[in-house]
Amino acid sequence: MISPPRPRGLFSRLGLAFGVEFPSYTACAYVPTDRAEGEIGALWRFETEREGTFLLAVTTQAGRDPARRWTWARQLVSLYLRHRVPPVLLVVCPDRETAEWASQPITAGGPFSSLVLTPMAAGPHNLPPVTDPGEAAQDPAFATLSALAHARTTSADAILKALSAALRDVPEDVANPLAELTAQGLGKLPAADLWRNLMAVDLSFYKSPMVQEIREESRAEGEARALLRVLQSRGFRLSAELEQQVSGCRDTATLNRWLDRAVTAETLDEVFAQD
C-alpha cells in the first residue's frame, strides 16, 4: 500500500468532475489485472474508514460500441468475484457524446433485473485540462485522466508535458501505472507519439515493461533513421517497400547489422543479405 501523496492525493479531484466528494482514504494501491480484466486500463484499491474498501477500474472508450458495455459488466463481475470488494468503473471518453452514452445504466434480467451497472463517464466537458506541472503534481492521477479526455483537443500536448514533469517526482509504483494507462489510452492518436517521446526521455529511469518497450522502440527508430541516412549519403536508392522495411524494423540487432554493412557494402543486396 502507498500513503496518499499530499497535498491532495491520487484521484482526489475526481469528485469535482461529478459533483461529489471523493472518499477520504487511508491507503491506496495499484492492482495488476488478469486476462479476464484485460480491457480494464488500470485498477486501484482504496481503503477508507467510513466507506470501507473499494476498487476503481479505469478504462477508455473512443466512441459508441454496444458490445463494450457488456464487456464492462463482465469485467466488473469478475473483479467483484476475484477481490470480494465493490468495484467502481470509470470510463474516460474523448467527447461528451460518448461519455453520455457510456454513463447509461446497463441492466440484465428484464423488468426484474438483478444486475444494474452504472459507469461513471468522464470527458473534456467535465475533466478540465491540467496544463500546469504544479497542478499536475498535486494529483497526477487526475492529470492522467485529463490527458486521456483531451487527447483529441489542442490542449493535449501541454497536458502530456505537465503530466510527464509531475511523474518524475512521484514514486515509481505510482508513476508506472499512470504512465502506462496514458500510453494505452492514447492508442494511435497523434498525441501518442509525443507521450512515447516523453516517456523515453523524462521517465527513462523507470523500469516498467511498457517504458522498456518504448525505450527499445525509440532506439530502433533512431537506428533506422541512421541507416537510411548512411544509405542515402552513399548514393543508394531504396524502393518504397525497402524503405518501409527499414523504417518499420524494431529489432535493434538487425538494424545494427545492416548499418555496419551499409558503411562498406557495394550493393543493397550486400546490406540486406540474409544471414
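1. Start with Cys249. In this predicted model, Cys249 has a relative accessibility of 13%. Buried means under 20%, so Cys249 counts as buried.

2. Now take Cys28. Its relative accessibility is 1%. Cys28 therefore counts as buried too, by the cut-off of under 20%.

3. On to sulfur pairs. How many disulfides does the structure hold? The number is 0. A disulfide would need a pair of cysteine sulfur atoms within 2.5 Å.

4. Next, Thr252. This residue sits in helix α11, which covers residues 252-262. Is Thr252 buried or exposed? Its relative accessibility is 19%, so Thr252 counts as buried. The cut-off is under 20%.

5. Look at what Thr252 touches. Set aside the neighbours within four places in sequence. Thr252 is then in contact with Glu216, Arg219 and Ala220. Find these residues in the structure and check them against helix α11, where Thr252 is placed.

6. The largest pocket has a volume of about 180 Å³. Its lining is made of 14 residues. Closest to the centre are Glu39, Thr59, Thr60, Arg68 and Gln184.

7. Which elements give two or more residues to this lining? They are β3, residues 53-60, and α7, residues 172-186.

8. Last, the make-up of the lining by class. The largest pocket is lined by 8 polar residues, 4 nonpolar residues and 2 charged residues.

Methods
Residues numbered from 1 in each chain as written. Predicted model: local features only at pLDDT ≥ 70, side-chain atom pairs only at ≥ 80, totals over all residues. Heavy atoms only, no water. 1 Å grid on protein atoms, 1.4 Å probe; cavity = no way out; pocket = protein on both sides within 12 Å on 5 of 7 lines; lining within 4 Å. Points joined across faces, edges and corners; volume = space filled by probe spheres on them. Helix = DSSP H or I, 4+ residues; strand = E, 2+ residues; numbered from the N terminus. Nonpolar A, V, L, I, M, F, W, Y, C, P; charged D, E, K, R; others polar. Buried < 20%, exposed > 50% of the residue type's maximum accessible area, 1.4 Å probe, protein only. Contact = heavy atoms within 4.5 Å.
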